Amino acid sequence: MPLLRLIMLALAYLLPLCVWADSIVLVAPRETALTRNFVEALSSRLPTDTFEVRLLSSTPAPDSASLLITLGQEALHWRLRQPIVTPTIATYVTLDGLQQLHEEVRPASVQILLASAKPERQIILAQLLIPRLDTIGLMFSEQQRWQTRFWQAAAIQRGVNLYSRGIPGQDQLPRVLTDVLNQSEVLIGLDDPALYNAENLKTLLLTSYARNRVLIGPSAPFIAAGSLSTTYSSPENMADSVIDTLQETWRPAAIRYPDRFSVLSNQQVARSLGLPPPDDAELMRRIHAQEQSR
C-alpha cells in the first residue's frame, strides 16, 4: 500500500479522537488489578499527554476535562451527582448496578458500557457448544425479574425456547434449580448476585452436572470455579470499545454492551461432560460473525 494512503488512513482514524484530545480523565474508585489493566490498555490507545487517572479519594476530575471515563458503579454514581455536562463514558457497570442507580437521572452527556454479558451473545455461545439446543433454562431472584425481558427477546431472536423460574427465597433454590434443569438443556446464569454467588456456587454446579447440564456464565470468574464457558469483555476489549465510542457520533444517554468481547471456557469441565474441548478464539470469531450478519 502506498505510503501516502497509509498516512491518510491513519489520519482518518485519529481525527475523531482530536475532539477529545485536550484532557481525558479516567475516574476510578480505587486502585485494583482491574484498574491497572484497564489504565494500561487505555494508555496504549490514547495520546499519553492528554490522559490521566484520578481516584475518588482525591480530586476526581478537573473542570477543564474534555472527556471523563468512569470505572464501575461507584464512579458513575459520583459522576451523576455532579452539576457538569462533560461528556462521559461509564465503563464496567453491571445490570445489577444499573438497577441500583434507577433513581439517578442519566443525562445526555453520559453513555454507559455494560460489563454484564450480552444475553443474545450468551445464547449464541450456548448454541455453538450444545448442538441442536432447544430450551434454555434461566433462574432469577425477585430483584432481577426485570432482566428476563431481555433474555426472552434474545431467545426469540435466536429461535430457542426459554424456561425461566423465579426464586422467592434461598431455601427454594434446590427445588427450582432441579425443575429448571429438568425442563431445559443448558442453564445460563444472569447478572444476579443474589443467586450467583460463592454461597450458592456448590449447589448450582453439583446439581447441574449431576444431571449432565452445563452452566454458561454468568461472568469470567465463574469459569475457574466450574462454569463451562462465557463471553465477557476483558480490559483490552473494554478499552477498544471506549475508542470505538469516541469514533462514533455521540449517542445521548445510551446504554449498550461493548462490541468487543472475548470467550473464556473451562477445558476440564468440557472433558468431564464429554464435550469437545472449546476453542475460545474460534467461538469468539463465530459469535462475532453471527452478530455482524444480523
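## Basis of the description

Helix axes are here lines fitted to C-alpha atoms over the stretch in contact, and the angle between two axes runs from 0 to 180 degrees between their N-to-C directions. The model under discussion is predicted.

## Packing of α5 against α6

Helix α5, residues 119-129, and helix α6, residues 148-158, have axes that come within 8 Å and cross at roughly 45°. The arrangement of α5 relative to α6 is therefore oblique. The handedness of the α5 and α6 crossing is right-handed.

On the α5 side, the contact is made by P119, E120, Q122, I123, I124 and Q127, and on the α6 side by F150, W151, A154, A155, Q157 and R158. Sorted by class, the residues in this contact of α5 with α6 are seven nonpolar, three polar and two charged.

## Aromatic pairs

Three aromatic pairs are present in the structure. One of them joins F38 and Y92 in an edge-to-face geometry, with 5.5 Å centre to centre and 85° between the planes. Because F38 belongs to helix α2 (residues 33-43) and Y92 to strand β4 (residues 88-93), this pair ties together parts 54 residues apart in sequence. F38 and Y92 are both buried.

Y196 and F222 also form an edge-to-face aromatic pair, at 6.3 Å centre to centre and with 70° between the planes. Y196 is located in the loop between β8 (186-188) and α8 (198-210), while F222 is in helix α9 (residues 221-225), so the pair ties together parts 26 residues apart in sequence. Both Y196 and F222 are buried.

Note on methods
Residues are numbered from 1 along each chain as its sequence is written. This is a predicted model: local features need pLDDT of at least 70, side-chain atom pairs count only at pLDDT 80 or more; totals for chains, interfaces and linings use all residues. Side-chain values use heavy atoms; hydrogens and water are left out. Helices (H or I, at least four residues) and strands (E, at least two) are DSSP runs, numbered from the N terminus. Angles under 35 degrees count as roughly parallel, over 145 as roughly antiparallel, 65 to 115 as roughly perpendicular and the rest as oblique. A crossing is left-handed if the near helix is turned anticlockwise from the far one by less than a right angle, and right-handed if clockwise. Contact means heavy atoms within 4.5 Å. Ala, Val, Leu, Ile, Met, Phe, Trp, Tyr, Cys and Pro count as nonpolar, Asp, Glu, Lys and Arg as charged, and the others, Gly among them, as polar. Rings of Phe, Tyr and Trp (its six-membered ring) pair if their centres lie within 6.5 Å; planes under 30 degrees apart count as stacked, over 60 as edge-to-face and the rest as tilted. Buried means under 20% relative accessible area, exposed over 50%, partly exposed in between (1.4 Å probe, protein chains only).
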